[in-house]
Amino acid sequence: MIPYGRQDITQADIDAVTAVLGSDFLTQGPAVPRFEGAVAAVTRARHGIAMNSATSALHLACLALDLGKGDLLWTSPNTFLASANCARYCGADVDFVDIDPLTWNMCADALEEKLRHARKHGRLPKIVIPVHFGGQPTDQERIHRLSLEYGFRIIEDASHAIGGSRHGEPVGSCRWSDITILSFHPVKIITSGEGGMALTNDTMLADRMTQLRSHGMVRDPALMKSPSPGEWYYEQQELGFNYRMTDIHAALGTSQIDRLASYVEARNTLAERYNELLASVPVQRPLITCGNTSAFHLYVVRIAGDGVRNRVYRHMREAGIGVNVHYAPVHLQPYYRSLGFNPGMFPEAETYGQEALTLPLYPRLSTQEQDTVVRALKAAV
Ligand SMILES: *Cc1c(COP(=O)(O)O)cnc(C)c1O
């Protein structure tokens, strides 16, 4: 089976992890801050806070922005569950903004329209989470302008998008947002095994997420609420979690980030080759907006026609091609249906969800394997 995504592990990665195993620290040693520094450097963010997953990072980003019961968070229905679930962890309500039928990202026009309507009804969101779907940045300048006009905060879910850029601005720089979230799950652009990171330029938000990552604990006497009785003392100031990343994971991530640029280049070259090979096939190919560089986490095509995508999916799986679907819309999951969401609420995302098919794409996919994928797709269509 040719999988839809696959990690790339080199001898340098293995050596980096082995070195940690022989060192004094398996966790809370020097490897985590080194990884945070390396990611902050390539994304040009001031602070990076590493965690055990992007899901944890989304949760703490919401808490740091004071999301709570009675508040509202909006995200895209075309995403992984975690972009919406983070609001529910905080007791807040979720709503969605429909997608653009060409970029498959949250549609900025739909966002503006929904904000106008929400202001009239006194139900504006506290946080909006745009998702850089497949690695393509959203229209962040416009979403940022809307945030100033309507008074919401922005968390970018860039789980697909490290290594991408918009008008030369690297994804993760937080130029047009409060916090950006990255995932280092093995199918993503670079991996630490499991892992995630929150990036921000705001020192207060960085301190808050760092504290929440480790039980809400403070060890610096200068930050304590009461005088420290001794060097051994730590103070819990709020209810936090254990969302820490280990040094083992961080060492793998740091070793991988050296190859970020070559990974993104390889993904773009393969995506360009798919575009050429599929030019005469009746499928809709990804549209990358002018000024954007996609990290190309996913190469998705849309196949129109009632039930056609499902038929093509089965044919390709039987031919040994590990195609996948990203995503069935989040609002139609039984959990979200139980909160009142129904079919017809976000029609662009729903039609997209019936037509989307993710083709294999990862740096070590060979051109021969890619030809096999294209042959199987042509035969199935
Ligand atoms: C993978 C992913 C996540 C969750 O990442 P984890 O590191 O597995 O928690 C969140 N959002 C999106 C868009 C993702 O693709």
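**Entry 1: the largest pocket**

I began with who builds the lining of the largest pocket: α2, β1, α7 (203–213) and β10 (217–218) each supply at least two residues. Helices and strands here are DSSP runs (H or I, at least four residues, for helices; E, at least two, for strands), numbered from the N terminus. I keep in mind that this is a predicted model, where local features need pLDDT of at least 70 and side-chain atom pairs count only at pLDDT 80 or more, while totals for chains, interfaces and linings use all residues. Residues are numbered from 1 along each chain as its sequence is written, and side-chain values use heavy atoms, with hydrogens and water left out.

The space in this largest pocket comes to about 780 Å³. I noted that 30 residues line the largest pocket, and that Asp-207, Arg-208, Thr-210, Gln-211 and Met-217 are the closest to its centre. A pocket is an open set of points on a 1 Å grid over the protein atoms alone, where a 1.4 Å probe fits, with protein on both sides within 12 Å along at least five of seven lines; lining residues have an atom within 4 Å of a point. The volume is the space filled by probe spheres set on the points, which are joined across faces, edges and corners.

Which element gives the largest share of this lining? I found α7, with seven residues. By class I read 12 nonpolar, seven polar and 11 charged residues in the lining of the largest pocket. Ala, Val, Leu, Ile, Met, Phe, Trp, Tyr, Cys and Pro count as nonpolar, Asp, Glu, Lys and Arg as charged, and the others, Gly among them, as polar.

**Entry 2: the second largest pocket**

I get a volume of about 340 Å³ for the second largest pocket. Its lining has 24 residues, and Phe-80, Ser-159, Ser-183, His-185 and Lys-188 are the closest to its centre. The largest share of this lining, three residues, comes from α3. I count nine nonpolar, 12 polar and three charged residues in the lining of the second largest pocket.

**Entry 3: the sheet**

Next I traced an open sheet of seven strands, in the order β1-β9-β8-β5-β4-β2-β3, with mixed pairing. Two strands pair if DSSP finds at least two bridges between them. β1 (47–51) and β3 (93–96) stand at the edges with a single partner strand each, so one side of each is left without a neighbour in the sheet. I also looked at β2 (residues 72–75), which pairs with β3 in the parallel sense over four bridges. Leu-72 stands opposite Asp-93 in β3.
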